[in-house]
Amino acid sequence: MRNREIAELLYETADIMEFQQIEWKPRAYRRAAQNIENLGEDIEKVYEKKGKKGLTEIPGIGEAIADHIAEYLETGKVKKFEDLKGKAPSGTTELMEIRGLGAKKTKRLADELKVKTIPDLKAAVNAHRIRRLEGFGEISEENIARSLRNYEKSHSRMALGKVLPLAEEIISALKTTLKTELGSKTPEIDFSKLIYTGSLRRLKETIGDIDILAEAEGEQVGKVMNAFVSLPAVGQVVSKGNTRSSVILKEGLEVDLRVVPPESYGAALQYFTGSKEHNIELRNIAQREGYKLSEYGLYEKASGKQVAGKSEEEVYRKLGLEYIVPELRENRGEIKAAIKKILPKLIEAKDLKGDFHLHTDYSEGRASLETMVKKAETMGYEYIAVTDHSRSQRIAHGMEIDTLKAQWEEIKKLSKRFKIKILRGSEVEVLKDGSLDYPDEILKELDIVVGAVNSGFSSSEREMTGRIVTALENRHLDILAHPSGRLLGKREAYAVNFGTVFETAAANGKVMEINSQPSRLDLNDELILRAKEYGLKFCISTDSHSMSDLASMRYGLGQARRGWLEKEDVVNTYPYSRLKEVFKKLRD
DNA sequence: GCCGTTTTCGGCCCGACTGTTTTCAGTCG
């Protein structure tokens, strides 16, 4: 799948064009890039099957860009882009990533100060050469210096599992401050409407910044803004106004707060939740229907009268759409489905009845079997599978057969004391040749076999596909754990043909895992969408290594919802009595 | 460069904030 690679190429080209003050084209290139990122199918395959015509069928791609993509796929480069790059000094696109520097200022820095790279910029700041440029000043120079420091600290997106708890802390701290400050005399601020929006609310796997929305009016606005910029976690105040303030946390993450009056709250929540692509589509519909949609509300174009804005539901309803939950708002077909009123009824947290992947201190877990069982029971689960590592995983204290049998004994004892159903499981290594890491007589004694690839990540696509296919054809395997092997921000997915994997899994009735560990989220939303087309079933598992990990279920759940999954698609929503429909050994 | 119930040319989201302006351009989301 080279979609991301091609999208990156187009984004970079757009940056260079922008730097050269070319108008409109950058927007067209970015739109094309975005659509390629969200395509859901392999663009290389599209080109192989339908040629250039197939490419132009993708929204945002016309004759010219289709030619460029075709050239890139055929030859590995695009002549026109190379020429373009030659004209722009290298390093300038990186400069444009510095907050406060756009195409125009970057161009002037390059032309007038010969500043073309990040080190150049640093030198210019230190020598106070920037403040002498017309249109720049002392404050601009200081801001650039700060942005530079922040850029070096963190300019990449952070994992959902890190940002979500952070956002919750900030909101809670903000509420506490406001409660103390406002006392009981001032009119109440509705704290239920102080929430995070943006990609965080859509539960995207990585988050660039935290967006917070609050509802307030009159003199309350200033109080909210003051409380926000004075939070202890704040490192730098970027801007502060009556509707928007922006800060950078001490650890480098940016947080934006927007404050709107009650009549606009729903429209603002909708607007700031995004995604951008979803909103553009929504605005187009509004236009067609004779409305204007902004963060302040939905207005009749002719009269300027507001017809919706208090709640998100109202906005969608007025536009003739079913309400769309945040996780679906990616312009991946949800708007069409909402018009036809055929949106899926997504799986919810309360539907989950168990967890099929957790570790104890028998292998690399940190808590005892009993602790994990106890915790799972208090969470209201009906069943859990204990899945410590198999023997070849020495690094993770993989279990020899004797130890595994000892664990079965303990499970037997605990089963008498706890109501929760404890399943004998194992995260069994899929070995290089595709065989499983325990002999058949052991595998058939296990209630659940979770197969996993934890080694040999650099194998060729053919080898890896063959290895996994062999495992999926093994009658003892039930679930394929973290099917892509990626670690967010650390390790790419291994090379594997997912089409073949999903097809084989479907043919053999295997379940695909959605691993909830914040660093994994594997399958991710895109692969979930693809896998679902093969008719596959899924399980959402935590892969817990400690008691607190059991709570990370919500991250996997978020990806499942982003992948349009309903309760019926996810087998750990089934009551225990139904699991034998899914897992062979529970039937035998 | 793309697109079309505003349709083959002429738009392309638009409002907030900042810094340097003396009325606005650049940037951001």
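This text leads from the surface around DNA strand B to one helix and then to one glutamate. The model is predicted, so that local features need pLDDT of at least 70 and side-chain atom pairs count only at pLDDT 80 or more, while totals for chains, interfaces and linings use all residues. Residues are numbered from 1 along each chain as its sequence is written, chains are lettered from A, and side-chain values use heavy atoms, with hydrogens and water left out.

DNA strand B is surrounded by 42 residues, the closest being Arg27, Gly60, Gly62, Lys80 and Lys240, where near means that a heavy atom of the residue lies within 4 Å of the strand. Phosphate oxygens of DNA strand B lie 2.6 Å from a polar backbone atom of glycine 62 and 2.8 Å from one of glycine 137, whereas asparagine 143 places a polar side-chain atom 3.1 Å from a phosphate oxygen.

In helix 17 (residues 369-378), Leu369, Met372, Val373 and Ala376 are buried, that is, under 20% relative accessible area with a 1.4 Å probe, protein chains only. Because these buried residues fall within an arc of 100° seen down the axis of helix 17, they line one face of the helix. Glycine 380, whose phi is positive, near 90°, follows helix 17.

Glutamate 205 lies in the loop between helix 11 (198-201) and strand 3 (206-207), and counts as buried because its relative accessibility is 15%.

Definitions and conventions. Helices (H or I, at least four residues) and strands (E, at least two) are DSSP runs, numbered from the N terminus. Buried means under 20% relative accessible area, exposed over 50%, partly exposed in between (1.4 Å probe, protein chains only). The arc is that of the directions from the helix axis to the C-beta atoms. A polar contact is a pair of N or O atoms within 3.5 Å; within protein, one must be able to donate a hydrogen and the other to accept it, and residues adjacent in sequence count only if both atoms are side-chain atoms.
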